[in-house]
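Keep the sequence and the model side by side while reading.

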Amino acid sequence: MPVLIKKEKCPKCIKCPAINVCPNQALTQNTLQAPEVDIDKCTECRKCVRLCPFKVFES
Ligand code: SF4
Ligand code: SF4
């Protein structure tokens, strides 16, 4: 199962740092939006889950 993104919890960091830690380029972000996950690329490594201080990512 890919991660779930709880967008309502995201205060929208200017650039989401999780994008650069994802080993599969599964995360993208439009300016001032919560990130999106490409469910076909996510391998549920949970790096983004551990990184986000607001618990936006769930797995
Ligand atoms: S690190 Fe978390 S709070 Fe910050 S933009 Fe990414 S998902 Fe949102
Ligand atoms: S769980 Fe891993 S592969 Fe999936 S979006 Fe997060 S960092 Fe990327």
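A residue is called buried if 20 or more other C-beta atoms lie within 10 Å of its own, exposed if 12 or fewer, and partly exposed in between, with C-beta atoms placed from the backbone. This is a predicted model, in which local features need pLDDT of at least 70 and side-chain atom pairs count only at pLDDT 80 or more, while totals for chains, interfaces and linings use all residues. Residues are numbered from 1 along each chain as its sequence is written, and chains are lettered from A and ligands numbered from 1 in the order in which they are written.

Begin with the loop between β3 (36-37) and α2 (47-51), where E44 lies. Helices (H or I, at least four residues) and strands (E, at least two) are DSSP runs, numbered from the N terminus. E44 counts as exposed because it has 12 C-beta neighbours inside 10 Å. Its phi is near 55°, a positive value in a residue other than glycine. R46 lies in the loop between β3 and α2 as well. R46 is not a glycine either, yet its phi is positive at about 75°. With 12 other C-beta atoms within 10 Å, R46 is exposed.

Turn now to F57, found in strand β4 (residues 57-58). Is F57 buried or exposed? F57 counts as buried because 24 C-beta neighbours lie inside 10 Å. Leaving out residues up to four places away in sequence, F57 touches V3, I5, A18, C48, V49 and C52; two residues are in contact if their C-beta atoms, placed from the backbone, lie within 7 Å. C10 is 47 residues from F57 in sequence, and the two are 9.3 Å apart in space, C-alpha to C-alpha. By the same exclusion of residues up to four places away, A18 touches L27, P35, C48, L51, C52 and F57.

F57 and A18 both belong to the largest nonpolar core, whose ten residues also include V3, C22 and V56. A nonpolar core is a set of buried Ala, Val, Leu, Ile, Met, Phe, Trp, Tyr and Cys residues joined through C-beta atoms within 7 Å. In soluble globular proteins, nonpolar side chains tend to be buried together.

The ligands come last. Around ligand 1 are residues including C10, C13, C16, A18 and C52, each with its C-beta atom, placed from the backbone, within 6 Å of the ligand. The shell around ligand 1 has eleven nonpolar, no polar and one charged residues. Ligand 2 has 14 residues around it, and C22, C42, C45, K47 and C48 come nearest. Its shell has nine nonpolar, two polar and three charged residues. Here Ala, Val, Leu, Ile, Met, Phe, Trp, Tyr, Cys and Pro count as nonpolar, Asp, Glu, Lys and Arg as charged, and the others, Gly among them, as polar.
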